[in-house]
Amino acid sequence: FFHRYMKTTTSPRSSCVLRVLLSSIVLVLWLNNTAVIAQDKFLWTGTPNQPTSWTNPENWQNHLAPKPGSAVVIEQQAPNQVLVITDVPASISLSQLQLKLVSGSNFTVVLQPEKAGSNFVLGNDTKQSNALDIPAGATLVLQGAKDARFTIKSGFQATVAGTLRFQADAEGNFQQLAAGHAGAIVFKAGSICEAGSKATVSNNSPFGASVANAMVFEANSTLIHYSGKSIFGSATQQVVNFLPGSTYEYAALDETASPDLSGRRLQNFVLNTPATVPVNLLANTQIADIQIKQGQLLLSRNTNGIAQVAISGNISLNAGSNSNLVVRPATGRVHLVFAASNKVQDIRGEGNILLDNRSGLIVENGAMVNLGTPVVVEDNIINTGSNSGTDATFGSVEVLAGGRLNVLGENTITGSGRFTLNAGAILGIGSAEGIYREKTTHFRQPEMTKGNIRCGNLDTRLYNAAAHYIYMGTQNQETGTGLPVNSNWDGSLAGRPR
């Protein structure tokens with residue numbers, strides 16, 4: 001076109017001007033088209049470490065605030081940067097929200113909604129399947145005194161390898177992340193989700209009205225619960241799927257909150273608050289490991305029937321010498337059940353377990369349960385001279401057929417409750433004094449001071465002759481008068497004078 005046109009032009013000067021003019025027009029059109037394409041993704045370029053507005057065009061590359069349906073990249077601009085972005089528009093829809101590290105780790109982005117009731121929808125572009133991306137070393141905080149909800153659109157994913165924090169600034173406010181399909185939001189190994197603020201109270205779930213198993217916590221990921229109740233959804237639908245090796249940590253400081261344990265399937269549960277924390281168990285619960293770093297876990301039940309807490313891993317009581325794990329139902333019964341498995345289970349630590357009336361510790365595991373901390377079992381019989389009672393009134397420790405309980409060293413089972421070793425069960429005895437079965441003079445205040453098993457009296461310390469007894473002390477042991485006649489027992493140091 002240019003060549004044909006220039007051949008018909010008689011003035012060299014005019015042809016030069018025209019050539020420049022036409023070239024400029026073409027360049028402008030190309031740049032404009034490029035800018036439109038580029039603005040499908042918006043890059044944050046605002047001032048580091050200063051609160052600033054989402055809606056201010058000067059904070060974005062090309063001086064344009066994000067439009068609906070676009071992808072937003074918030075890029076780190078300095079080491080250890082904390083970026084607070086205010087006035088996040090209500091009901092905005094983005095194809096992707098991505099945090100990007102440039103200067104190493106420790107990059108925190110705080111998003112504050114402009115008004116209450118905001119709903120931010122992430123995921124509307126098939127080219128951006130990962131609608132939310134928080135890499136390792138980055139933290140996204142959903143914060144403010146105004147309620148807001150972030151929703152992952154059905155069919156899209158969110159990946160959290162860093163930290164996601166829900167933090168309200170006023171009592172009763174909440175921030176949420178919800179999803180409409182199973183497996184939508186995945187917390188990768190090393191990630192942390194902080195639900196609620198240490199300073200405020202909210203009874204709303206941080207995961208909103210999500211579908212079952214919408215949130216997936218992989219091995220070595222952690223959910224820390226700071227406030228609220230029923231954070232995993234309704235009693236019949238658990239929106240969070242904890243995979244083996246993941247952790248649910250309860251660290252709330254307010255008295256209105258409660259761990260979401262009843263009827264749940266959990267992996268590692270950690271109690272990390274100085275308070276006594278009550279939990280009403282209305283349904284059977286499954287927990288792999290229980291670790292009490294501080295405080296007291298009080299398991300209760302306020303309705304008839306039996307609630308079982310099936311423990312497939314270990315119990316660790318690291319919070320001092322007080323009773324860190326208390327089972328005290330008001331009605332019905334609550335049982336801690338060490339279920340049959342192919343691995344050794346340990347109960348250890350500096351604290352102890354208190355089984356009040358209507359509660360029990362049941363050993364089914366034939367691979368052995370090692371008891372390395374004191375256990376106290378109680379009853380609620382009013383007549384102190386009586387030795388009668390029903391199963392509903394006693395606290396108890398029971399080893400079922402096929403189960404094995406090792407009482408390590410000089411640890412003891414004490415109190416006024418019941419101990420039962422059934423036929424076909426195994427009892428490992430660590431005390432140098434063995435086991436005793438003398439009748440005590442006072443039912444509610446047993447005077448037995450020897451051996452591993454000291455609870456109750458002659459009628460409530462029940463050793464079956466068809467059980468197996470293993471004396472496993474590291475020094476010469478007495479067998480003790482609790483060993484039934486003609487029973488099956490062994491131990492190289494047992495039956496020798498001390």
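Reply: Let us begin with a definition: helices (H or I, at least four residues) and strands (E, at least two) are DSSP runs, numbered from the N terminus. Thr331 lies in the loop between β25 (323-327) and β26 (333-338). This is a predicted model, in which local features need pLDDT of at least 70 and side-chain atom pairs count only at pLDDT 80 or more, while totals for chains, interfaces and linings use all residues. Residues are numbered from 1 along each chain as its sequence is written, and side-chain values use heavy atoms, with hydrogens and water left out.

Me: Which residues does Thr331 touch, not counting residues up to four places away in sequence?

Reply: Contact means heavy atoms within 4.5 Å. With that exclusion, Thr331 touches Arg301, Asn302, Thr303, Asn304 and Arg358. The C-alpha atoms of Thr331 and Asn302 are separated by 5.3 Å, although these residues are 29 residues apart along the chain.

Me: Is Thr331 buried or exposed, or does it fall in between?

Reply: Buried means under 20% relative accessible area, exposed over 50%, and partly exposed in between (1.4 Å probe, protein chains only). Thr331 has a relative accessible area of 26%, so it is partly exposed.

Me: How does one describe a pair of aromatic rings?

Reply: One gives the distance of the centres and the angle of the planes. Rings of Phe, Tyr and Trp (its six-membered ring) pair if their centres lie within 6.5 Å; planes under 30 degrees apart count as stacked, over 60 as edge-to-face and the rest as tilted. A search of the whole structure finds 13 aromatic pairs. In one of them, Phe217 and Phe242 have ring centres 5.3 Å apart and planes at 25°, so the pair is stacked.

Me: Where do Phe217 and Phe242 lie?

Reply: Phe217 is in strand β17 (residues 215-217) and Phe242 in strand β19 (residues 240-242), so the pair ties together parts that are 25 residues apart in sequence. Phe217 is buried, at 0% relative accessibility, and Phe242 is buried too, at 4%.

Me: What kind of pair do Tyr463 and Tyr469 form?

Reply: Their ring centres are 6.5 Å apart and their planes stand at 65°, so this pair is edge-to-face. Tyr463 is buried, with a relative accessible area of 9%, and Tyr469 counts as buried at 0%.

Me: Which residues do ring pairs link into a cluster?

Reply: The cluster consists of Phe187, Phe217, Phe232, Phe242, Tyr248 and Phe269.
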